[in-house]
Amino acid sequence: MALDEKIAELLSQKFHCSQIMMQIGLDALDLDEPNLVKAMTGLAGGLGGCGKNCGALTGGVCMISLFAGRGAAEGEAGPEFETMVSEFLLWFEETYGSADCGDIIQGDKDNISSTCPQLICATCRKALELLQSYGFPVEKVLE
C-alpha cells in the first residue's frame with residue numbers, strides 16, 4: 001500500500017497526526033506497539049489539543065527517535081539524531097511558516113480537514129526521506 005493511501009486509511013480510522021507518524025515508523029520496522037501509538041495521543045492537536053507544537057511535527061520527531069534515539073541505560077542516541085531533528089524542524093517551519101498547530105490551521109478547527117491530511121503526508125514523507133538518507137531501513141513504507 002502506498003504511503004499516502006496508508007495515511008488516508010489511518011485518518012479514516014480516526015487516528016491523530018502524531019499517532020499516524022508513529023504507526024508509519026513502526027510499520028517500517030515491522031513492530032506492533034499499540035501502547036506507543038496510544039501514548040502519541042498526548043501530542044495530537046498541538047500538545048493535547050492546546051494548539052501548540054503541531055502533532056505531525058512532534059510525531060515526526062518521535063518517529064526519528066524510534067530509529068535513532070536512545071533506548072537503553074547504557075546506550076546513546078545515534079550520532080545523526082540531532083542533525084536529522086534539526087533538518088526536520090527547519091524544513092517544517094520553512095514549509096508551514098510555524099511549528100504551532102494553531103497557527104497552521106489559522107486558529108480555526110474547521111481548517112483541520114482541509115489542511116492536515118496533506119500536511120501529515122508531506123511531513124511523514126520528509127521524516128522517512130531523512131531517515132533513509134541516513135541509512136535507516138524505511139523503504140517498505142516509503143512509496
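I looked up A56 and set aside its neighbours within four places in sequence; the residues in contact with A56 are then C17, S18, M21, F88, L119, I120 and T123. The model I am reading is a predicted one. I placed A56 in helix 4, which covers residues 55–68. I noted a relative accessible area of 0% for A56, which is therefore buried. I also checked A56 against S12: the two are 44 residues apart in sequence, and their C-alpha atoms are 16 Å apart in space.

**Helix 2 and helix 4**

I turned next to helix 2, residues 17–28, whose axis comes within 7 Å of that of helix 4 and crosses it at roughly 25°. I recorded helix 2 as roughly parallel to helix 4, because the angle is under 35 degrees. The crossing of the two is right-handed. From helix 2, I listed C17, S18, M21, M22, I24, G25, L26 and A28 as making the contact; helix 4 contributes G55, A56, G59, G60, C62, M63, L66 and F67. Sorted by class, I found eleven nonpolar and five polar residues in this contact, and no charged ones.

**Backbone angles**

Most residues other than glycine have a negative phi. I noted that K14, not a glycine, has a positive phi of about 70°. I located K14 in the loop between helix 1 (3–12) and helix 2. Its relative accessibility is 69%, so K14 counts as exposed. I made a like entry for L47, which is not a glycine and has a positive phi of about 60°. L47 sits in the loop between helix 3 (34–39) and helix 4. With a relative accessible area of 37%, L47 is partly exposed.

**Salt bridges**

I searched the whole structure and found four salt bridges. One of them joins the side chains of D4 and R125, at 3.3 Å from N to O. Because D4 is in helix 1 and R125 in helix 7 (residues 112–133), this pair ties together parts 121 residues apart in sequence.

I then examined D27 and K6, which form a salt bridge with their closest N and O atoms 3.9 Å apart. D27 belongs to helix 2 and K6 to helix 1, so the pair links parts 21 residues apart in sequence. I noted that K6, E9 and D27 are linked in a network of salt bridges.

My last entry is the salt bridge of D30 with K140, whose closest N and O atoms are 2.3 Å apart. D30 lies in the loop between helix 2 and helix 3, and K140 in the segment after helix 7, so parts 110 residues apart in sequence are tied together. I recorded D30 as exposed at 59% and K140 as partly exposed at 45% relative accessibility.

Conventions: Residues are numbered from 1 along each chain as its sequence is written. This is a predicted model: local features need pLDDT of at least 70, side-chain atom pairs count only at pLDDT 80 or more; totals for chains, interfaces and linings use all residues. Side-chain values use heavy atoms; hydrogens and water are left out. Helices (H or I, at least four residues) and strands (E, at least two) are DSSP runs, numbered from the N terminus. Buried means under 20% relative accessible area, exposed over 50%, partly exposed in between (1.4 Å probe, protein chains only). Contact means heavy atoms within 4.5 Å. Axes are lines fitted to C-alpha atoms, for helices over the stretch in contact, and angles run from 0 to 180 degrees between N-to-C directions. Angles under 35 degrees count as roughly parallel, over 145 as roughly antiparallel, 65 to 115 as roughly perpendicular and the rest as oblique. A crossing is left-handed if the near helix is turned anticlockwise from the far one by less than a right angle, and right-handed if clockwise. Ala, Val, Leu, Ile, Met, Phe, Trp, Tyr, Cys and Pro count as nonpolar, Asp, Glu, Lys and Arg as charged, and the others, Gly among them, as polar.
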